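Thanks, everyone, for making the time this morning.

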Amino acid sequence: MNPETDTGHIIEQKIDSLLTRMTLDEKIGQMTQVRHFDDISEEDIAGKFIGSVIHTQGPLPGNTAKEWQAKFRHLQELALSTRLGIPMIFGVDAVHGQNTFEGATIFPHNIGMGATGNAELVEKAARITAVETQATGFNWVFSPCIAVPYNEKWGRVYEAFSESTELTETLTKASVIGHQGTSLKSKRSVMATAKHFVGDGATDFGVEGGETSLEADDVAKRLLPPYRVAVENGVGSVMASFNAMLGVPMHAHKTLITHILKGAMQFDGIVVSDWKGYSRFGENDVINAGVDMIMAVEGDFDMYQEGLKRGIEQREIPVERINDAVRRILRQKFRLGLFENPFPDSTLIAEIGIQSHRDVARQAVRESLVLLKNQNNILPLQKDLSKIVVVGEHANNAGLQSGGWTINWQGTTENYDGATTLLQGIKNLATGQIVYDVDASGKHGDADVAIVVVGETPYAESFGDIGGEMDLYQLTLTEAHQKYINTYVEMGIKTVVVLISGRALVTTEHIERSDAFVAAWLPGSEGHGIAEVLFGDYNFKGRLPHSWPKSEEDYKGKYGPNFWDDTVRPLFPLGFGLTYRMIN
């Protein structure tokens with residue numbers, strides 16, 4: 001919003017009036033974000049003047065959307081009971097739909113949206129996410145992630161759109177506009193968050209929260225442009241990153257946060273910390289660097305408020321820095337219209353997971369699929385084949401097909417309400433016999449074709465790092481999933497492989513052995529969309545948002561092969577994708 005407009009000028013006047021009346025404790029409260037459980041008591045909402053509540057992994061606000069709204073309405077009433085009656089903002093990690101609420105529409109993760117290359121579709125998905133998020137009581141989402149991943153070993157590759165800065169810029173604009181609409185005051189809009197500022201996906205060896213040792217010129221050319229686009233399109237908040245930049249934690253990086261983001265880019269919204277950002281990255285150094293609101297969670301609440309107050313009183317933190325932070329927070333609350341209309345809209349509840357929303361999500365699934373091989377035009381499959389054998393647990397499990405940040409932080413390995421699986425889609429479309437051979441018993445040698453569904457189990461953040469502290473994942477398929485493919489290939493059955501994954505994996509051998517190979521990413525709740533393309537109701541449109549690796553040896557450097565060695569050629573380049581006709 002342009003502060004020179006009448007509306008902007010009026011907002012600044014209202015902020016000035018509030019700031020002159022606010023006590024130091026009230027200002028510190030505005031700079032505090034807490035969970036609605038464990039961190040605080042309900043009395044703290046008013047007593048500590050809390051500025052924001054986050055919902056994340058932990059106790060649910062209720063069983064229904066009505067109960068979720070009621071919980072947050074109650075907390076808002078407590079905030080409004082204070083002397084100045086400043087409303088709270090309610091935030092949630094809705095990164096591919098309102099993914100914390102079972103029954104919501106879950107879209108493909110951003111890597112799949114990147115494969116669509118369809119900005120209009122990304123905007124539609126964000127708009128739907130905004131409505132379903134508001135319907136559950138929230139007005140702030142921590143999305144989109146606009147990282148440019150340098151290494152498939154990073155456990156958050158799937159949260160970003162692409163290794164291409166240019167494509168990321170295009171889809172960033174679409175996502176911000178979709179989430180925020182034409183007015184943040186609309187109950188069909190939410191405040192978006194560009195994250196994680198900056199370099200989260202470009203750490204050495206793909207370590208979550210590690211060191212980003214890129215030269216400043218590379219940061220400026222490859223990593224900062226999507227943030228510039230987000231700011232130019234009015235993004236309401238930016239989240240600081242866990243990584244360090246040349247030895248300085250990003251949460252405490254004053255040059256990048258204050259001078260570049262707030263100064264050169266003229267960002268006038270909220271810079272919010274990530275999880276426990278205050279205690280992890282330098283305490284009051286984080287505030288001085290330009291972070292405006294702190295996630296004071298998991299034991300940080302008292303030490304943060306007390307440490308911040310002590311820092312102000314001892315003049316370690318200029319009062320101007322505090323006023324700037326509070327001004328930015330209040331500015332967004334005014335822009336959201338919370339002073340006039342602080343409560344969620346109960347009429348939106350009926351729109352959660354409705355068919356028109358799922359239709360858009362299913363379109364996104366179809367357009368995200370990338371066909372890497374189609375030997376002898378085995379695809380599209382004929383619907384009247386006598387016998388189709390479907391293999392693998394991923395074929396009939398909505399949790400596995402959706403990845404992390406779905407229902408739970410680390411995802412789920414079970415089906416969830418409202419979702420359809422690939423197996424269900426196949427059964428809906430095919431007229432012949434469908435056999436589900438979950439673990440490739442090899443008892444179906446008379447099948448016309450085997451659809452073998454393999455992939456990763458859900459993960460989020462550092463849990464998905466390859467070679468990191470957890471080291472639970474690998475760049476190749478598991479032995480069990482390799483067996484699934486090999487069993488039917490060696491039986492001489494025509495084999496179509498569908499890969500469910502949050503990143504490009506080293507699958508050179510399996511692509512060679514199979515008759516067709518499809519990268520399906522993490523499609524979300526509408527698995528039926530995959531079947532629609534396999535059977536030819538729709539053509540393939542997806543194009544690789546990342547170069548596809550040829551070998552594990554390609555990852556011996558700090559970065560993936562596309563970023564460290566021009567002599568290493570990927571198996572398939574960025575932008576590759578077949579259709580049923582020819583290569584486009």
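Let me begin with Gly-181, which counts as partly exposed because its relative accessibility is 38%, and please keep in mind throughout that we are looking at a predicted model. Gly-181 sits in the loop that runs between helix 7, residues 165-180, and strand 5, residues 193-197. If we set aside the neighbours within four places in sequence, Gly-181 is in contact with Val-176 and Ser-189.

Now to helix 7 itself, and to its partner, helix 6. Helix 6, residues 119-135, packs against helix 7 at an angle of about 30 degrees, and their axes are 7 Å apart. Because angles under 35 degrees count as roughly parallel, helix 6 is described as roughly parallel to helix 7. The crossing of helix 6 past helix 7 is right-handed. Which residues of the two helices meet? On the side of helix 6 they are Ala-119, Val-122, Glu-123, Ala-126, Arg-127, Thr-129 and Ala-130, and on the side of helix 7 they are Thr-170, Leu-171, Ala-174, Ser-175, Ile-177, Gly-178 and His-179. Taken by type, the residues of this contact are seven nonpolar, five polar and two charged.

Just after helix 9 comes Gly-234, which takes a positive phi of about 80 degrees.

Let me turn to another glycine, Gly-112, which is found in helix 5, residues 110-116. Is Gly-112 buried or exposed? Gly-112 counts as buried, because its relative accessibility is 0%. Beyond the neighbours within four places in sequence, Gly-112 is in contact with Ser-368 and Trp-521. Gly-112 and Ile-493, for their part, are 381 residues apart in sequence and 29 Å apart in space, again from C-alpha to C-alpha.

His-546 is our next residue, and it lies in the loop between helix 20 (528-534) and helix 21 (561-564). With a relative accessible area of 1%, which is under the 20% cut-off, His-546 is buried. Its contacts, leaving aside neighbours within four places in sequence, are Ile-111, Pro-149, Glu-152, Val-157, Ser-162, Glu-163 and Leu-574.

Finally, the nonpolar cores. The largest has 95 residues, and the members that touch the most others are Met-31, Phe-197, Val-198, Val-235, Ile-287 and Leu-308. Helix 14, residues 319-335, gives the most to this core, namely six residues. For Ile-287, if residues up to four places away in sequence are not counted, the residues touched are Met-31, Tyr-278, Ile-294, Tyr-304, Leu-308, Ile-317, Arg-321 and Ile-322. There is also a second, separate core of 78 residues, which includes Trp-154, Tyr-484, Val-489 and Val-498. I will stop there and take questions.

Key. Residues are numbered from 1 along each chain as its sequence is written. This is a predicted model: local features need pLDDT of at least 70, side-chain atom pairs count only at pLDDT 80 or more; totals for chains, interfaces and linings use all residues. Side-chain values use heavy atoms; hydrogens and water are left out. A nonpolar core is a set of buried Ala, Val, Leu, Ile, Met, Phe, Trp, Tyr and Cys residues joined through side-chain atoms within 4.5 Å. Buried means under 20% relative accessible area, exposed over 50%, partly exposed in between (1.4 Å probe, protein chains only). Helices (H or I, at least four residues) and strands (E, at least two) are DSSP runs, numbered from the N terminus. Contact means heavy atoms within 4.5 Å. Axes are lines fitted to C-alpha atoms, for helices over the stretch in contact, and angles run from 0 to 180 degrees between N-to-C directions. Angles under 35 degrees count as roughly parallel, over 145 as roughly antiparallel, 65 to 115 as roughly perpendicular and the rest as oblique. A crossing is left-handed if the near helix is turned anticlockwise from the far one by less than a right angle, and right-handed if clockwise. Ala, Val, Leu, Ile, Met, Phe, Trp, Tyr, Cys and Pro count as nonpolar, Asp, Glu, Lys and Arg as charged, and the others, Gly among them, as polar.
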